[in-house]
Amino acid sequence: MMAGWLEIVGMGGPATVQDGGRPGQMHHGVPPGGALVPELLALANRAVGNAWDAAALECLGSLELRARGRPLRVSVDGRSEQVVSDGESLRVPAPEHASIRYVAVDGGLDVQEVLGGRGTLLVARLGGHEGRVLRPGDSLPVGAPRGPSEQVDAEGIWDDTAPIRLMLGPDTESFDALMAASLLGSTFTVSSASDRVGMRLQGPALAHGDEGASTSRPMVRGAIQVTLSGEPIILGPDHPTTGGYPLIATVIRADWGRLGARRPGATVEFHAVNPDEAREAWRQHLRRFRGGARAG
Amino acid sequence: MTECLLNIDLGELPDEDARLYALAQVANIACGGHAGDDASMRRALELCARHGTRVCAHPSYEDREGFGRRALDVTPDVLRGQVASQCARLSRLAQEQRVPVVYAKLHGALYHAANTSPVLARAVVEGIVEALGTGVTLIAPAEGSLRDAARNAGLAHAREGFADRGTLPDGSLIPRGQPGAVLTEAAKVRENTVRLATQDTVDTVCVHGDTPGAVELAREVRATLDALSLHVEPLGDGALRLTLPDSLERRAAREVLRALPGVVDAVVTEEHACVYFDPSAPPDEPRLALARLLRETVAPPEQTLITLRVRYDGPDLEKVATRAGLSVDEVARLHAAREYSVRCVGFLPGFAYLGELDPRIVVPRLPTPRMRVPALAVGIAGGRTGVYPFASPGGWNLIGTALDFTAFHPDRGAVLQLGDRVRFERVG
């Protein structure tokens, strides 16, 4: 079979190449990356027979794509694959419900692997296609098709209004009990100043007395850091690996995608869980979205 | 989990290794019953004072010949008197040296006999109180007559386990003289210590000073207990954050943690280490991996010296100079005059936190971070300096620009590694 290419013909919003991430590089200051909504990436990839974490397009707006070299099987957010013949084009509408959408092609986007991942890390201009946001005219290599498509029911995969689960801490000493109550009892709104680095929330200020004078500490995706002005920022896949703001709580891994899917203006409420509940939620997540396979 | 302390039976042997006093957190000093005399007690107290080791009176049946390991038929009243006089003897010498006696623990056969006899237990506790008052903590088995007698007398009780003694399936000690009674193998002792310390059933763990290889075993137990006493807290469901002691070699700590089965990555910052893992498969107690580093002085790895050429032309240079009451030239001179070491790698790919800055040019972070700091800008904040590897937002005061420096290679990662030495060379 001839080598395939996916050509970007037109764009209604920014799009980058993203995959399951590049874990294990944080000691170099390289964040784990990975899809903002791993669930949708997994559904799209499995619908075209790829491993759940193959590289695909992560896009905020509409796209016009063209198949080159061979017919491409394409899935948008896990919907039934469409076959786009060599030279034909496909229009993908902007995300309707979630903040973001994934376009997977059979074989996956075969861009060069950098430090164990193919995703784009914009701040360091590495990975993806030339380390940058895609532009019309870009042509992305596509790998060899892997296997049969796997239909995973993508309808109602989650409730958009359900609370986001978190574990309180670890920097509890920086916040009084009222602040934890405020975090758990308030409704926040996703700010438009949100991206893959972090999601800013609007709502009641979560005051703390921490001057940020302490040295930088290790960070993790999902950590809720609170700035001096009391604004919560939830770290995203491309978060700084260390930081000085205190962490009031950390969103559990099973809910990273559910949170990332909320678009600016959407509301967010939180619910605290214990480590056992978090672990069980993650097991369910793995069974549902990765076909029971352990995370890579 | 509260800290579990290492107690060691000491002051018993003429050729005792003084290093045991540095390893012990509580020294059980023989006070003439089964061993010890004024000279040995003075030496032991002096070593405790030197190492900050807490002093424990260690009375016994009066049986030097049998080393206090034979059960003797002594009436409770006589026993009370023996215990009181032994404790008082140590207490008198301790007062001379101004070291408080804060614990008491019975030795050998008496420890076991009193724990199964309420009458004997009451007698020995009365003896202890007579000599030392009710401010001492009685080290005794978690359950039994000694615990009850201590409670009744108003003494605090520290539950004890034995790191170097084998246990029967029911948890009781294998009697001395039987196979497996005394453990001399480091791995077995370590395993025993972990079991005792992590089940939260004991407050203190004992190593006998006369067990063969006692120093090595004590070192093993102490390192294990020190590792398990490190503060650890979850950072969500897929990471654990450990607070590191200052003495721990940072690069070695990162490598040891990263090599643990189930650990996907390990990040070391100035005060913490963080291990990352799949929430469905968390690693075994990561703190134990640090025990080896706590036990041995780890030589820091060979430290590379990297020289970075800097043009001191940053937009905040004048503000920094004004704030420091120095000329711009002086700020540049002081910044380039020192050798720094990499304290942490993080924030951005290849960003290294370098310290310590000369205190004369220490300034706080900008009140509002810049939206865009150009790549290779040299910044300072607090006692740290660093070079921005990429254009990014940033809150440090910019004093210069690094020339011909690549902080990060996509194929190899960060150029500056924990512990590397860095100098700035002023150009232009």
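Two strands are taken to pair if DSSP finds at least two bridges between them. Helices (H or I, at least four residues) and strands (E, at least two) are themselves DSSP runs, numbered from the N terminus. The model is predicted: local features need pLDDT of at least 70, side-chain atom pairs count only at pLDDT 80 or more, and totals for chains, interfaces and linings use all residues. Residues are numbered from 1 along each chain as its sequence is written, with chains lettered from A and ligands numbered from 1 in the order in which they are written.

In chain B, β10 is joined by 5 bridges to β11 (residues 272-277), and the two run antiparallel. Within this pair, V267(B) lies opposite C274(B) of β11(B). Both strands belong to an open sheet of 4 strands in chain B, ordered β8-β9-β11-β10 with antiparallel pairing. Because β8 (232-234) and β10 of chain B are the edge strands, each with a single partner, one side of each has no neighbour in the sheet. From one strand to the next, the twist averages 20°.

Domain bounds, which come from an automatic or database domain assignment, divide chain B into domain 1 (5-228), domain 2 (232-295) and domain 3 (305-426). The centres of domains 2 and 3 of chain B, taken over C-alpha atoms, are 28 Å apart. Contact here (C-beta atoms, placed from the backbone, within 7 Å) links 7 residues of domain 2 of chain B with 6 residues of domain 3 of chain B. On the domain 2 side of chain B, α9 (250-258) and β10 (263-268) each supply at least two of the touching residues. The largest share of that side, 3 residues, comes from α9(B).

Conventions: Two residues are in contact if their C-beta atoms, placed from the backbone, lie within 7 Å. Axes are lines fitted to C-alpha atoms, for helices over the stretch in contact, and angles run from 0 to 180 degrees between N-to-C directions.
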